[in-house]
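Me: Hi! I'm new to this one and would like a quick tour. Could you walk me through it once it's on the screen?

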Amino acid sequence: MESIKLRKITSVWILAVFVLFIVSIILGILMRLNQGGVINQNPVTFYANMTTHGLTMIGIWFVAGMAAINYLMERYVKTSYTVNLIALVLTVIGVLMFWVSTFIGKFHAAWTFLYPLPFKLLGAESWSTLLFLLALTIFGIGWLIWSVSLMTQILRKYSISQAFAWQHFKKNPSVDTPPFILISMITLIGVIASLLAAVVLLALLFAEYFSNGSFVNDALLMKNLTYFFGHTIANEMLYLGLAVIYELFSEVSGRPKWKTTWYVALAWNCTLVFILTAFFHHLYMDFVQPEGFQIIGQMASYLASLPAAGVTVFSVLIAVYRTKMKWTLTNLLFFIGVAGWVIGGLGAVIDATISNNVVLHNTLWVPAHFHTYNAMGNVLFSIGFFYWFSTQFAENIKPERFTKWTLATLLIGGAGFLLAFYYGGADSIPRRYSVYPAELSIGAPWAVVGAIFATVYLIAILVFFYNISKRCLKILSSPS
Amino acid sequence: MFKNIVFTIITIIFALIANAQTASTGMEEESNIYEKLFDVPLHVNDGQQIAFSTLYHQKPLLVALIFTRCSGICSPFLLQLKDNVQLKPDDKSFQILVISFDPRDDLEDMGVMARKFGLENDPQWVFAVTDSIEQLNHSIGFHPVWDSESDQFDHDALLVGINGEGYITKKLIGIRKRHDLDLLISSVNNVFSPTYRLPSKNSLFSCFNYDPKTGKNTPGLGLLFIALPAVLTVLLLIFISRVVHNRLPD
């Protein structure tokens, strides 16, 4: 069973994630208000905020997933508290460095920092690029150590084939691999690959930065590496949330625990293989990329997501269809989150289809789909876990007043905020414009609508934050 | 032994620094882009002394760097520029600043040059000298080299686009066609203009290597870098699995 130290550090992760999430939502709302013409930000400020918003969101929901699987993994294998603590400390240092680079240094190359933007920033402090790259290095070190440590702990108990549940392809497997272990392992492999891509990417960026012009990078290579890292980690953090669902959904619903079957093993092994090449779909517009890579990108996008989504949705539907089950806030959030993940995922697959991408590329459709599976998918997976975790050690849990209203507020706010993106995308409004020119003026009212609904979403998040954080603070203040 | 290691490391570091300082990137048009111009004081053709920033705040600038005693590229360069600009009589969205990088040049020399090209009364053209040419050259990334044998500067024919906020938006080296000038004018007016980077020896890890003789692309080292993270992950997985299972008791 998990230690008190693990409970406490998990509480710290939850509090940190919530605080950073609220700040990032506010930055997002400010961006939409600026696009709507309600406020007037300097373009450099807008893009610096966009950079902060994007990378903070990616970072916090990645560490939220990692903290959750680290906590739940103690049920199966011993994990390292020290490594967890190192990851926390390095994440905090990394966030501080990153925020200084954007808020003070005005680094504004977006969270994707596509080459050569970090070296060509107009209006940013000259030191901000170096600080940003160092912040990424700090994140990378902390998260890589954490991921490798968790993978090592799984491998102590399970062989490689057992960790990937290959024995389930045969009848009557001798060893049962829990779905949580299977998905965690597959996700950690992807996370490690993406972080190693970041290592290669950062090494090349530092080499150019310090070479004083004697070494320059190849833009195509840098874009491939950027999305190997960025796309993969953004997807893997969703799978971390799914590992939590496979572990907890049945448990909190009072149902028998889910088991690994051959089709679950097959689907997740597909994800393992294909998620590492799905990022090619970010390079459809790069005419120098070989056509074969583009085709691999489309095929891998289908094969990485559809089988895993299929078995997960099937498992969730089977679990709830005509079944007497105990609905709590946790499994409700999980259930709605799976719906958000599937809707956003379909939007992603539509965009990853080459013939559609010609129309949708770099329009608001893109933030529409990734906000769907994040804001209404992964975030709900993590908040579901946060809520479940916070109630594990509280005495006399009373049903919280206004829970239904809070959930309804979250749904209304989230749906309205996302629809404003989708409608903008359908109107071919490009993304990443700080203000819309006259030709794209239809984008402005949608941005205002988006900001209003995002504010509604924020209210619901604040309520969750209040309820969950007060219990996490109690865990922190409890005697060791 | 320790001293030898330290000595070797120091030698390598200095060699790298020296290499970095002397190596040409082969991408002079890309150097210093989006960097702010050093705000030097200018002596302009009407005898006034004004700051560079005063000029670019009035209108974006195309800056031509020349010297009046040039027996080579400067005159044909200015002539071509004048011809190209005259093809756009209605476009007054920018000014052209002709500035000498030769400390021997004075306003009188520049006046003679302006009259030679019939530009002395054209308000779009400003001829100027500065006492701080080194700082200006440095901020632009322009490096003329004095050749005492020919009594001339060895230099590029450089036209630099400066937007209304004083940032270098684009550079053109050599005598260029009108289309290139149009792109430069667009860039100083903050209108998107495409740019590209030519292959060079300093780009070691390209995904593809283009051979201009055959017109074909061949796979480059960069492609291996794309596969590297996945390969490293598999090796790490196998390595950790072997290590932990070898340590476990039977």
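Me: Which residues does B:Arg176 touch, leaving out those up to four places away in sequence?
Reply: B:Arg176 touches B:Glu29, B:Gln80 and B:Asn84. Keep in mind that this is a predicted model.

Me: How far apart are B:Arg176 and B:Asn84, in sequence and in space?
Reply: In sequence, 92 residues separate B:Arg176 and B:Asn84, while their C-alpha atoms are 9.2 Å apart.

Me: And where in the chain is B:Arg176?
Reply: You'll find B:Arg176 in the loop between β9 and α6 (178-188) of chain B. A polar atom of the B:Arg176 side chain also lies 2.9 Å from the backbone oxygen of B:Ile173.

Me: Nice. Let's move to the sheet: what is the strand order in chain B?
Reply: The order is β2-β1-β5-β4-β3-β8-β9, an open sheet of seven strands with mixed pairing.

Me: Which strands are at the edges?
Reply: Those are β2 (49-51) and β9 (168-173) of chain B, each pairing on one side only. From one strand to the next, the twist averages 30°.

Me: How do β3 and β4 of chain B pair, parallel or antiparallel?
Reply: Strand β3 (residues 61-66) and strand β4 (residues 95-100) of chain B pair in the parallel sense, over six bridges.

Me: What about helices, which strands does α4 of chain B lie across?
Reply: Helix α4 (residues 107-116) of chain B lies across β1 (41-44), β3, β4 and β5 (125-129) of chain B, and runs at about 150° to β5(B).

Me: And α5 of chain B, which strands does that one lie across?
Reply: Helix α5 (residues 133-140) of chain B lies across β3, β4, β8 (158-162) and β9 of chain B, running at about 95° to β9(B).

Me: Switching topic: how much area do chain B and chain A bury between them?
Reply: They bury about 3100 Å² between them, with 74% of it on carbon and sulfur atoms. The contact takes 36 residues from chain B and 41 residues from chain A.

Me: How many salt bridges are there between chain B and chain A?
Reply: The count is zero. As for polar contact, there are five residue pairs between chain B and chain A, both residues at pLDDT 80 or more.

Me: Which element gives the most to the side of chain B that touches chain A?
Reply: That's α7(B), with 16 residues. By class, that side of chain B has 23 nonpolar, 11 polar and two charged residues.

Notes. Residues are numbered from 1 along each chain as its sequence is written. Chains are lettered from A and ligands numbered from 1 in the order in which they are written. This is a predicted model: local features need pLDDT of at least 70, side-chain atom pairs count only at pLDDT 80 or more; totals for chains, interfaces and linings use all residues. Side-chain values use heavy atoms; hydrogens and water are left out. Two strands pair if DSSP finds at least two bridges between them. Helices (H or I, at least four residues) and strands (E, at least two) are DSSP runs, numbered from the N terminus. Axes are lines fitted to C-alpha atoms, for helices over the stretch in contact, and angles run from 0 to 180 degrees between N-to-C directions. Contact means heavy atoms within 4.5 Å. Buried area is the accessible area (1.4 Å probe) that two parts lose on being put together, summed over both. A salt bridge is a side-chain nitrogen of Lys or Arg within 4 Å of a carboxyl oxygen of Asp or Glu. A polar contact is a pair of N or O atoms within 3.5 Å; within protein, one must be able to donate a hydrogen and the other to accept it, and residues adjacent in sequence count only if both atoms are side-chain atoms. Ala, Val, Leu, Ile, Met, Phe, Trp, Tyr, Cys and Pro count as nonpolar, Asp, Glu, Lys and Arg as charged, and the others, Gly among them, as polar.
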